[in-house]
Amino acid sequence: MRSTFRLFSLFVLWALALSAYAQAGYVHDVTGTATVRTGNQAPRPIRVGDVINQGETIATNDKSTAVVKFEDGQVMALHERSAFTIQTYSYNKQRVAESNAAFQLLQGGLRFITGVIGATNRNSFRLTASTATIGVRGTDGVVIFNPATGEVAVAVNNGAVAMTTPLGTANIGAGTFSSSSPNLAPSTAAPVAQMAAQVAQAMNALSQAQNLPTNTPVAVPVSARAAALLKAAAENPNAPGLQQQAQVALQEALTAANAALQVALAAGATTPTPGSTGTSTTTTTTTDTSTTPTSTTTTSTPTGSGAGGGGGETTTSTTASPN
């Protein structure tokens with residue numbers, strides 16, 4: 001009997017650990033078709049509201065995009081024909097500075113907006129592409145990687161990054177970019193206007209991406225459910241009761257997100273700098289509750305609707321968005 005109870009207890013602990021492990025982030029938005037792959041398993045389609053785990057690879061097809069938000073607020077937005085892997089994701093809500101996240105861009109383009117992990121300890125966030133490692137300093141940036149040539153280009157919308165390869169390091173500030181290849185050290189940062197046209201087109205598409213969530217912490221399962229219901233409500237406006245369910249889920253997510261932010265701040269987290277696209281520093285904004293609130297501030301103007309809204313106008317952060 002005692003042995004059976006012990007085995008049951010171990011099973012419960014294992015299940016709880018697995019549950020926590022499986023809630024690194026969720027799919028905030030998808031246009032077109034995108035997939036997720038776990039290890040060597042076959043890729044499977046992803047939808048808004050799906051939970052994303054450490055060790056998984058998210059990929060987009062032609063004319064498709066995907067946005068993933070993580071528990072600490074980290075945002076990853078994929079361009080078409082792109083893929084990235086969540087190598088490591090460990091968010092310690094009691095000791096935020098001890099958290100860490102590592103991602104690898106396998107191909108295509110990706111926009112990253114730092115959450116509290118990178119904002120609190122910049123050495124805790126790492127993004128790699130080929131031989132290049134991108135380190136952040138409170139950043140909203142874009143990375144393009146061509147696996148056929150090994151070329152990597154990095155541009156910064158807000159903050160700064162350091163791109164390091166075996167051949168050197170380039171420090172890149174807001175409004176500038178740098179590129180590298182397997183045989184060349186990263187170039188000196190230059191204005192984005194000097195980028196090659198093809199790279200500039202992809203960079204611009206990612207920098208102007210809409211329907212991006214704010215980059216403050218969330219309760220993943222609650223926000224995932226809200227995102228899925230808001231998406232369904234937008235697609236089925238006449239479905240009985242669906243709009244009310246979506247609004248109830250949204251309010252639950254808002255409450256949980258505000259609690260998650262306060263827990264992070266109490267645990268020593270640094271509030272991340274908001275993403276630059278779709279935002280402004282104006283403070284004369286109002287809240288429209290008919291769409292999804294997406295600001296991390298005390299005043300906001302939502303710019304999106306349906307599955308999760310866009311990146312509303314923002315000021316200094318004291319409250320959180322569920323998305």
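Mentor: Let us begin with a term: a residue is called buried when its relative accessible area is under 20%. Keep in mind, too, that this is a predicted model.

Trainee: How many helices and strands are there in the protein chain?

Mentor: The protein chain holds five helices and 17 strands. It has 323 residues, and 48% of them are buried.

Trainee: What share of the contacts comes from residues 24 or more positions apart?

Mentor: Among contacts with a separation of 6 or more, 57% join residues 24 or more positions apart.

Trainee: How do I read the two faces of a strand?

Mentor: The general idea is that side chains in a regular strand alternate between the two faces of the sheet. Now take strand β5, residues 56-60, where five of the five residues are buried. One side carries Glu 56, Ile 58 and Thr 60, the other Thr 57 and Ala 59, and both of these faces are covered.

Trainee: Which faces of β11 are covered and uncovered?

Mentor: In β11, residues 132-136, the covered face consists of Ala 132, Ile 134 and Val 136. Thr 133 and Gly 135 make up the uncovered face.

Trainee: Let me turn to pairing. Which strands pair with β5, and in what sense?

Mentor: For pairing, look at the sense of the two strands and at their bridges. Strand β2, residues 34-38, pairs with β5 in the antiparallel sense over five bridges; there, Ala 34 is opposite Thr 60. Strand β8, residues 83-90, is also an antiparallel partner of β5, with three bridges. Here Ile 58 has Phe 84 of β8 as its bridge partner.

Trainee: And which strands pair with β11?

Mentor: Strand β10, residues 125-129, forms an antiparallel pair with β11 over three bridges, and Ala 129 is found opposite Ala 132. Strand β14, residues 160-165, pairs with β11 in the antiparallel sense as well, over four bridges. In that pair, Gly 135 is bridged to Ala 162.

Trainee: How should I read backbone phi values?

Mentor: As a rule, most residues other than glycine have a negative phi. With that in mind, look at the hairpin of β10 and β11: two residues lie between the strands, and Ser 130 has a positive phi near 55°.

Trainee: Where is Lys 63, and is it buried or exposed?

Mentor: Lys 63 sits in the loop between β5 and β6. With a relative accessible area of 69%, Lys 63 is exposed, and its phi is positive, near 55°.

Trainee: Where does Arg 81 lie?

Mentor: Arg 81 belongs to the loop between β7 (75-78) and β8. Its phi is positive too, about 50°, although the residue is not a glycine. Arg 81 counts as partly exposed because its relative accessibility is 44%.

Trainee: How do I describe two helices that meet?

Mentor: Start with the distance and angle between the axes, then ask who makes the contact. Helix α4 (residues 220-235) and helix α5 (residues 242-266) have axes that come within 8 Å and cross at roughly 150°. Angles over 145 degrees count as roughly antiparallel, so α4 and α5 are roughly antiparallel to each other. Their crossing is left-handed. Contributors from α4 include Val 222, Leu 229 and Leu 230, and those from α5 include Leu 242, Leu 250 and Ala 256. By type, the residues of this contact are 12 nonpolar, four polar and two charged.

Trainee: What is the exposure of Thr 65?

Mentor: Thr 65, also in strand β6, is partly exposed, with 28% relative accessibility. Beyond four places in sequence, Thr 65 is in contact with Asp 29, Val 30, Thr 31, Thr 60 and Leu 78.

Trainee: Is Ser 180 buried or exposed?

Mentor: Ser 180, in strand β16 (residues 176-180), counts as buried at 8% relative accessibility. Not counting residues up to four places away, it touches, among others, Ala 132, Met 163 and Pro 186.

Technical notes
Residues are numbered from 1 along each chain as its sequence is written. This is a predicted model: local features need pLDDT of at least 70, side-chain atom pairs count only at pLDDT 80 or more; totals for chains, interfaces and linings use all residues. Side-chain values use heavy atoms; hydrogens and water are left out. Buried means under 20% relative accessible area, exposed over 50%, partly exposed in between (1.4 Å probe, protein chains only). Two strands pair if DSSP finds at least two bridges between them. Axes are lines fitted to C-alpha atoms, for helices over the stretch in contact, and angles run from 0 to 180 degrees between N-to-C directions. Angles under 35 degrees count as roughly parallel, over 145 as roughly antiparallel, 65 to 115 as roughly perpendicular and the rest as oblique. A crossing is left-handed if the near helix is turned anticlockwise from the far one by less than a right angle, and right-handed if clockwise. Contact means heavy atoms within 4.5 Å. Ala, Val, Leu, Ile, Met, Phe, Trp, Tyr, Cys and Pro count as nonpolar, Asp, Glu, Lys and Arg as charged, and the others, Gly among them, as polar.
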